[in-house]
Amino acid sequence: MYAFIEGEVCEKANGSLVLLAGGVGYQLNCSNNTLQAAPALGEKMRCWTFLSVREDAMELFGFSSREEKDLFLQLTSVSGIGPKTALGLLGSMPLRDLNLAILLGDVNALSRAPGIGKKTAQRIALELKDKISQADVSAPGGAADSAAPAAFTNPDSAAEAVEALIALGYSSTEARGAVSRIRGEADTPEDLIRLALRAMAGM
């Protein structure tokens, strides 16, 4: 019904914000990431939106980017994941890190989000892994960008990174070559994938 709402930020609270647009104040349920991205009160913001309609309630959800909204819709397509649980998961880590956790089946990372147990985390990874694209995990930002380089590369991490790159559509030769070029610069699959993607993009 609403693709996005653009208006003045009137209120920011835990889990929601209010945008004033056309004389109407729209209360949007948001993730922590969207709240952090929101400008100061009185400034303009565009929020991508999703209207949830149930028998007992109508709720409007807001997202700071189209990518966050798309992942929200993917998460709520998983059995047992409602809108509020999806928001909690989106706000538990940067968007790129969440995509990587799904791609790699990192159950421990996913289950740190509120309301997400081990079995639910496994189901999310299983059902959404094939929907993660190269662009989803190569976007800049996140704590990993500022992490100090590791002194060595764990062979298991390198193999996992290669498998993930192949799953994203790169050939085995491209994936192995990229990971080989950045060996020793990181020691986790997530960081290796990030660095390999940047290397292949010429960044």
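Modeller: Rings of Phe, Tyr and Trp (its six-membered ring) count as a pair if their centres lie within 6.5 Å, and a pair is stacked with planes under 30 degrees apart, edge-to-face over 60 and tilted for the rest. Keep in mind that this is a predicted model, in which local features need pLDDT of at least 70 and side-chain atom pairs count only at pLDDT 80 or more, while totals for chains, interfaces and linings use all residues. Residues are numbered from 1 along each chain as its sequence is written, and side-chain values use heavy atoms, with hydrogens and water left out.

Biologist: Okay, so how many aromatic pairs does the structure hold?

Modeller: There are five aromatic pairs in the structure. In one of them, Y2 and Y26, the ring centres are 6.1 Å apart and the planes stand at 70 degrees, so this pair is edge-to-face. The pair links distant parts of the chain, since Y2 belongs to the segment before β1 and Y26 to strand β3 (residues 24-29), 24 residues apart. Helices (H or I, at least four residues) and strands (E, at least two) are DSSP runs here, numbered from the N terminus.

Biologist: And how are the rings of F63 and F72 arranged?

Modeller: The centres of F63 and F72 are 4.8 Å apart and their planes are at 50 degrees, so that pair is tilted. F63 is buried, with a relative accessible area of 0%, and F72 is likewise buried at 0%, where buried means under 20% relative accessible area, exposed over 50% and partly exposed in between (1.4 Å probe, protein chains only).

Biologist: Which residues form one aromatic cluster?

Modeller: F50, F61, F63 and F72 make up one aromatic cluster.

Biologist: Is strand β5 largely enclosed or open, and why?

Modeller: Strand β5 (residues 58-63) has five of its six residues buried, so it is largely enclosed by the rest of the structure. β5 runs antiparallel to β4, and six bridges join the two; strands pair in this scheme if DSSP finds at least two bridges between them. A hairpin through four residues connects β4 to β5, and S52 stands opposite E59 in β5.

Biologist: Switching to charges, how many salt bridges does the count come to?

Modeller: The count comes to six salt bridges, each being a side-chain nitrogen of Lys or Arg within 4 Å of a carboxyl oxygen of Asp or Glu. One of them joins the side chains of R46 and E6 at 3.0 Å, N to O. R46 lies in strand β4 (residues 44-53) and E6 in strand β1 (residues 4-13), so the pair ties together parts that are 40 residues apart in sequence. R46 is partly exposed, with a relative accessible area of 38%, and E6 is partly exposed as well, at 44%.

Biologist: Which residues are linked in a network?

Modeller: Salt bridges link R54, D56, E59 and K84 in a network.

Biologist: What about D191 and R194, are they buried or exposed?

Modeller: D191 and R194 are both buried, and their side chains meet in a salt bridge at 3.8 Å, N to O. They are three residues apart in helix α10, and therefore separated by about one helical turn.

Biologist: Now pockets: what volume does the second largest pocket have?

Modeller: Its volume is about 190 Å³. On a 1 Å grid over the protein atoms alone, a pocket is an open set of points where a 1.4 Å probe fits, with protein on both sides within 12 Å along at least five of seven lines, and lining residues have an atom within 4 Å of a point. Grid points are joined across faces, edges and corners, and the volume is the space filled by probe spheres set on the points.

Biologist: Which residues are the closest to its centre?

Modeller: Of the 15 residues that line this second largest pocket, M93, D97, A109, R112 and E190 are the closest to its centre. The elements giving two or more residues to that lining are α4 (95-104), α5 (107-110) and α10 (189-200), and the largest share, four residues, comes from α4. The lining divides into six nonpolar, two polar and seven charged residues, with Ala, Val, Leu, Ile, Met, Phe, Trp, Tyr, Cys and Pro counted as nonpolar, Asp, Glu, Lys and Arg as charged, and the others, Gly among them, as polar.

Biologist: Why is α4 said to be largely enclosed?

Modeller: Eight of the ten residues of α4 are buried, so the helix is largely enclosed by the rest of the structure; the buried residues include R96, N99 and L104. Just after α4, G105 takes a positive phi of about 65 degrees.
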